[in-house]
Amino acid sequence: MRAAASLAAAGTLGAALAFAPAASAEPGERISAYDVAVTIAANGSAHVTETIVYDFGANDRHGITRKVTGKKMIGKATASSPDGAPAGVTTTGGVIRVGDPAVTVTGKHTYVLNYDVAVAAESRGTDAAVFWHVVDGSWDVPVAAVTGTITAPAAATLGSCTVSGTTPCDSAASADGNVVRVSQKNLVARDVVLVAATFPAAGLALPTSTRPTSPPATSRTTPASAGSSSRTSGSSAFGWVFGLGIVGLLIVLLASAGRGRRSGGGHHSSYDSGSTWSGSSSSDSSSSSDSGSSSSSSGGGSGSW
């Protein structure tokens, strides 16, 4: 009877873990305005300036974390705040952390980030191809309005501007001479804005592309694709629930054995019943601390800290 009850409890625990919602940013936080200016050099590298108006709401936070996704940064980033918010900056890998661990801020503040990336455009025969994520899907907060400019070393032609897949950007994107301009409103957390463009490669020392001719896949699940994958996702969910149930059963049995040893005067573990267990490994925790990844995201994306 006790084993059956333990199994039932473990199954319930497994189901709860399998379908529990993921952690998100602190309530009330969002980006009010986000401007991205990209200037592509003749060798295909680029300088990026991001102006981020971050609204912390009533939360006490130290600053922002920007995880640059899908691009290889060169050197260190710089940061400033026109309204005087603490703007000390550290760069680890592709993670930029801005703020002061000894000072907290609330409300709305503007941060200006500057950094360089190794490859923004690649040669494909006589043309150069650009696939640039104006919003790269790393933000754990909604974004009210986005504007972006991509300045090429030659006259540019806009291919497309899409939001998280094949949805066209809601404001008309355009190309004027060397500059591609895009804008988008009302993005949710983890949305992606992808711009595809070309410009003549003649006379430029660009790296040669070895990538597929189509842009990177960034689509969210649409109703059509959800229907076609329902059987697979259903079987996957069952597998997760079953697996977590087994893990839960082992936890219950080990806990019962531990209680039996303590009641019998056995050795007490240093991890007693009052200790807490975070879902991250120690290596994940140290990585988060070193890289400055967002404390408001279980996935270590861009947000506040």
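Among contacts in the protein between residues at least 6 apart in sequence, what percentage join residues at least 24 apart? The share is 76%, where a contact means heavy atoms within 4.5 Å.

1. Ground rules. This is a predicted model, in which local features need pLDDT of at least 70, side-chain atom pairs count only at pLDDT 80 or more, and totals for chains, interfaces and linings use all residues. Residues are numbered from 1 along each chain as its sequence is written, and side-chain values use heavy atoms, with hydrogens and water left out.

2. Overall content. The protein comes to four helices and 16 strands; these are DSSP runs numbered from the N terminus, with helices being H or I of at least four residues and strands E of at least two. Of the 305 residues, 36% are buried, that is, under 20% relative accessible area, with exposed meaning over 50% and partly exposed in between (1.4 Å probe, protein chains only).

3. The seven-stranded sheet. Please follow the order β4-β7-β2-β1-β10-β14-β13 through this open sheet, whose pairing is mixed. Strands β4 (73-80) and β13 (174-176) are the edges, each pairing on one side only. From one strand to the next, the twist averages 15°, taken from axes that are lines fitted to C-alpha atoms (for helices over the stretch in contact), with angles from 0 to 180 degrees between N-to-C directions. Two strands count as paired if DSSP finds at least two bridges between them.

4. Around β7. Strand β2 (residues 46-55) and strand β7 (residues 108-117) run antiparallel and are joined by 10 bridges. Asp 55 stands opposite Lys 108, while His 47 has Asp 116 as its bridge partner. Asp 116 is also the bridge partner of Ile 74, and β4 is joined to β7 by five bridges, again antiparallel. Seven of the 10 residues of β7 are buried, which leaves the strand mostly covered.

5. The nonpolar core. The largest core holds 49 residues, and Tyr 34, Ile 40, Tyr 54, Trp 132 and Phe 199 touch the most other members. Such a core is a set of buried Ala, Val, Leu, Ile, Met, Phe, Trp, Tyr and Cys residues joined through side-chain atoms within 4.5 Å. Not counting residues up to four places away in sequence, Phe 199 touches a list of residues including Ile 40, Ala 121, Val 130, Pro 153, Leu 204 and Leu 206.

6. Aromatic pairs. The whole structure has four of them; rings of Phe, Tyr and Trp (its six-membered ring) pair if their centres lie within 6.5 Å, with planes under 30 degrees apart called stacked, over 60 edge-to-face and the rest tilted. Tyr 34 and Trp 139 are edge-to-face, at 5.8 Å centre to centre and 80° between the planes. Tyr 34 lies in strand β1 (residues 30-40) and Trp 139 in the loop between β9 (127-136) and β10 (143-151), so this pair ties together parts that are 105 residues apart in sequence. The rings of Tyr 54 and Phe 56 are 4.7 Å apart at their centres with planes at 40°, so that pair is tilted. Both Tyr 54 and Phe 56 are buried. One aromatic cluster takes in Tyr 34, Tyr 54, Phe 56, Tyr 111 and Trp 139.

7. Charges over rings. Do look at Lys 71, whose charged end sits over the ring of Trp 132, 4.8 Å from its centre. Likewise, the charged end of Arg 97 sits over the ring of Trp 305, 3.6 Å from its centre. The criterion is NZ of Lys or CZ of Arg within 6 Å of the ring centre and within 35 degrees of the ring normal.
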